[in-house]
Amino acid sequence: MPDRADKNKKSSLPMAMPSGSRAAEPIPAHVHRRPVLQVLLWFTAAFGTIFAILNYRNGNYGIMAAEIVMGVFALSLLRIVRRTVHLQRWILVYLVPFFSVMMYALTTSLAAPTIFAWVLLIPILSHLLLGRWVGGAMAAFYMLVAGAIFFWKFGLDPGFGNARSVANVALASVCIFGFSYVYEVSRENAENQLRRMALTDPLTGLPNRARLGEVFDSEKARHLRSGTPLCLLMIDLDHFKQVNDRYGHDAGDAVLCFVADTLRERLRPSDLACRLGGEEFGIFLAETESRQARAVAEDLRGAIAAEPCRRADQAIDLSMSIGIAQLGPDGDDLETLFNAADQRLYQAKIGGRNQVVG
């Protein structure tokens, strides 16, 4: 942990995406992967039944047995995947035998060349269910295995081993793989961009109250595990309405951005500064007790009071009041912690403003 004395060291990271536990997490995979897997399981059970019947009639008992097992396995997984928090593990538990059975089906003597069309599903399902890296690796492995089986079975067959046929199969496979990968990359980037927008204040670029709530959950879990302290600072700019009335709302926006920049400069990367709304800001000070938090708060208050916000030919003098609350002594949930910090902020206001209480 950086010493609190290093808090004046400016971080090169934007506060909207701070380092360590403060970075915004990707969109949870289960948002789209869970329903895709559930549909795949239902299809596996249904198609497994149909193809088991067809293979029984053709005397292909090995594939018939494998399809029955996969169908029963798929149905047994449906209840698990509805609620599991370890979705990716169960996706792997399902996809590995699913694709392996597919490879086995390709090797059987009764398998027609058209069965290789099912191989084109591998990159689509892999990327949808496992993402760009794990899914891409799995898709590449099984498609290479399928390609080896194809050449083993039909490489010398004049009907399938000529250059045109091989090129068609290879290029179609590469295209499907490439499109699936690019789609997954684009989807991840778009979802993560939307997430960042949803968790960021558009004016100041600071995280917003929703992000503060997310970070509190992880910090509380860390506090319960190892007892690490956490403090909340509630900040309110004094007489901000007068700034808007005297200088205009554009100047008010400039003041808010000025304060946000000051917080970025004077806090550690492991701390989290947020705009809560209006002229209110909230700060989580990681691994910081109330005594240390007061020193940080006084530093921030003094910095704002000492340096006016300069805009064109205007110099806008500012001050702020701060209330402090510590996780544990002042509350064990975010609402209680907010209330404690807000009460002390109110005390700072009625005590004359431009001061820290906590």
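In the predicted model, helix α2 (residues 61-83) packs against α3 at an angle of about 170°, and the two axes lie 11 Å apart. Angles over 145 degrees count as roughly antiparallel, so α2 is roughly antiparallel to α3. The crossing in which α2 passes α3 is left-handed. On the α2 side, the contact is made by G62, I63, A66, M70, F73, A74, L77, I80 and V81. On the α3 side, the contributing residues are L87, W90, V93, Y94, P97, F98, V101, Y104 and A105. Sorted by class, the contact of α2 with α3 contains 17 nonpolar residues, one polar residue and no charged residues.

Helix α3 (residues 87-107) also packs with helix α4 (residues 121-154). Their axes come within 10 Å and cross at roughly 15°. Angles under 35 degrees count as roughly parallel, and α3 and α4 are therefore roughly parallel to each other. In this case the crossing, with α3 passing α4, is right-handed. The residues of the contact of α3 with α4 divide into 20 nonpolar, four polar and one charged.

The loop between α3 and α4 contains L120. With a relative accessibility of 28%, L120 counts as partly exposed, because this term covers values between 20% and 50%. When neighbours within four places in sequence are left aside, L120 is in contact with A172, S173 and I176. A further pairing across the sequence is that of L120 with V174: the two residues are 54 residues apart in sequence, and their C-alpha atoms are 9.4 Å apart in space.

By class, five nonpolar residues, one polar residue and one charged residue make up the contact of α6 with α10.

L276 is placed in strand β2 (residues 272-277). Its relative accessible area is 14%; buried means under 20%, so L276 is buried. Apart from neighbours within four places in sequence, L276 is in contact with R209, L212, M234, F281, G282 and F338. M234 is 42 residues from L276 along the chain, and the C-alpha atoms of L276 and M234 are separated by 9.1 Å.

E265 and L300 are 35 residues apart in sequence, with a C-alpha to C-alpha separation of 10.0 Å in space. E265 has a relative accessibility of 34% and counts as partly exposed.

A312 has a positive phi of about 55° although it is not a glycine. A312 lies in the loop between β4 (309-311) and β5 (314-316). At a relative accessible area of 81%, A312 is exposed, because the term applies to values over 50%. N354, likewise not a glycine, has a positive phi of about 55°. The position of N354 is in the loop between α10 and β7 (356-357). With a relative accessible area of 29%, N354 is partly exposed.

Over the protein as a whole, there are 10 helices and seven strands. Of the 358 residues in the protein, 44% are buried. Among contacts with a separation of 6 or more, residues 24 or more positions apart account for 73%. The protein exposes about 18,300 Å², and carbon and sulfur atoms supply 61% of this area.

Methods:
Residues are numbered from 1 along each chain as its sequence is written. This is a predicted model: local features need pLDDT of at least 70, side-chain atom pairs count only at pLDDT 80 or more; totals for chains, interfaces and linings use all residues. Side-chain values use heavy atoms; hydrogens and water are left out. Axes are lines fitted to C-alpha atoms, for helices over the stretch in contact, and angles run from 0 to 180 degrees between N-to-C directions. Helices (H or I, at least four residues) and strands (E, at least two) are DSSP runs, numbered from the N terminus. Angles under 35 degrees count as roughly parallel, over 145 as roughly antiparallel, 65 to 115 as roughly perpendicular and the rest as oblique. A crossing is left-handed if the near helix is turned anticlockwise from the far one by less than a right angle, and right-handed if clockwise. Ala, Val, Leu, Ile, Met, Phe, Trp, Tyr, Cys and Pro count as nonpolar, Asp, Glu, Lys and Arg as charged, and the others, Gly among them, as polar. Buried means under 20% relative accessible area, exposed over 50%, partly exposed in between (1.4 Å probe, protein chains only). Contact means heavy atoms within 4.5 Å. Accessible areas come from the Shrake-Rupley method with a 1.4 Å probe; for residues, only the protein chains shown count as cover.
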